Amino acid sequence: MRRPMVAGNWKMHGTRTSVAELIDGLGRLDLPSDVDVAVFPSCLHINQVIDGLKDQPISIGAQNSAVESMQGALTGEVAPSQLVDAGCSLVLVGHSERRQIMGEQDGMLIRKFAAAQACGLIPVLCIGETLEQREAGKTLEVVGRQLDSIIEELGVGVFAKAVIAYEPVWAIGTGLTASPQQAQDVHAAIRAQLAEKNSEVAQGVRLLYGGSVKAANAVELFGMPDIDGGLIGGASLNADEFGAICRAAGN
Ligand code: PEP
């Protein structure tokens with residue numbers, strides 16, 4: 001039985017003051033004990049969030065990390081080892097905004113994934129298709145290729161200590177959500193692809209759905225057999241809404 005997970009991606013949002021308010025709200029939540037909850041603040045606010053949430057069962061992750069695991073001469077980057085030192089346990093790899101706007105490609109993402117795991121961080125690999133790709137009937141091909149790039153280089157076993165987030169690009173921050181069945185179909189295909197190589201890994205890995213998840217649609221999405229929770233953007237900036245989404249993932 002996979003333990004559900006709900007993770008909040010705060011993206012490039014927040015000031016010390018607004019982050020303090022969010023911490024305060026999260027600190028008041030009664031979180032379900034059968035769900036793993038995590039938040040991914042901006043790097044600048046990680047220390048503040050770790051301090052502020054030390055009494056809440058919420059893990060902290062980073063939104064990005066370097067291709068090298070250890071600290072060194074790499075201006076502007078943050079090493080996975082530094083994130084571990086700060087108290088992070090997770091890191092996003094390959095969010096579509098980084099793939100599209102920062103030009104991150106598979107080769108770089110393989111290195112980031114491996115560097116994160118080398119330090120004991122759990123990578124949350126984000127994969128998903130654009131609207132154009134979906135309309136061209138290429139969803140499974142695109143998502144399959146993104147997943148395969150990691151499997152081919154690092155082996156399927158790396159997913160025993162990783163999470164996968166299926167995030168259709170057309171649903172991120174747009175208010176459009178994949179229907180529960182659309183999301184389930186892709187999640188099932190991802191799990192089947194992993195199962196071709198290793199059924200134990202496929203059955204154990206958590207597959208999160210991301211793309212305009214809110215409290216109002218979370219129950220239906222999380223009710224699908226291969227959806228093990230969500231990666232939440234906009235709605236995670238509101239503590240009460242985020243709390244309701246976390247509860248929707250519980251039993
Ligand atoms: C995201 O950025 O990962 C995301 C899913 O955003 P939103 O929930 O705002 O669509």
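**Helix α11.** I started with α11, residues 239-249 of this predicted model. I found Ala239, Phe242, Gly243, Ile245, Cys246, Ala248 and Ala249 buried there. That spacing made me recall a rule: an α-helix has 3.6 residues a turn, so residues three or four places apart point the same way.

What covers the buried residues of α11? I noted strands β1 (5-9), β2 (36-40) and β8 (229-232) among the elements doing it, and helices α1 (16-27) and α10 (215-222) are included as well.

I also checked the start of α11, where a side-chain oxygen of Asn238 comes within 3.0 Å of the backbone nitrogen of Asp240.

Then I went through some distances to ligand oxygen atoms. A polar backbone atom of Gly173 is 2.6 Å from one, a backbone N or O atom of Gly234 is 2.8 Å from one, and for a polar side-chain atom of His95 I read 2.9 Å. On its own the ligand has 300 Å² of accessible area, and the protein covers 96% of it.

**Cysteines.** I searched the whole structure for disulfides and got zero. For Cys126, the nearest cysteine sulfur belongs to Cys88, 15 Å away. Cys126 counts as buried because its relative accessibility is 2%. Is Cys246 buried or exposed? I have it as buried, because its relative accessibility is 0%.

Methods. Residues are numbered from 1 along each chain as its sequence is written. This is a predicted model: local features need pLDDT of at least 70, side-chain atom pairs count only at pLDDT 80 or more; totals for chains, interfaces and linings use all residues. Side-chain values use heavy atoms; hydrogens and water are left out. Buried means under 20% relative accessible area, exposed over 50%, partly exposed in between (1.4 Å probe, protein chains only). Helices (H or I, at least four residues) and strands (E, at least two) are DSSP runs, numbered from the N terminus. Contact means heavy atoms within 4.5 Å. A polar contact is a pair of N or O atoms within 3.5 Å; within protein, one must be able to donate a hydrogen and the other to accept it, and residues adjacent in sequence count only if both atoms are side-chain atoms. Accessible areas come from the Shrake-Rupley method with a 1.4 Å probe; for residues, only the protein chains shown count as cover. A disulfide is a pair of cysteine sulfur atoms within 2.5 Å.
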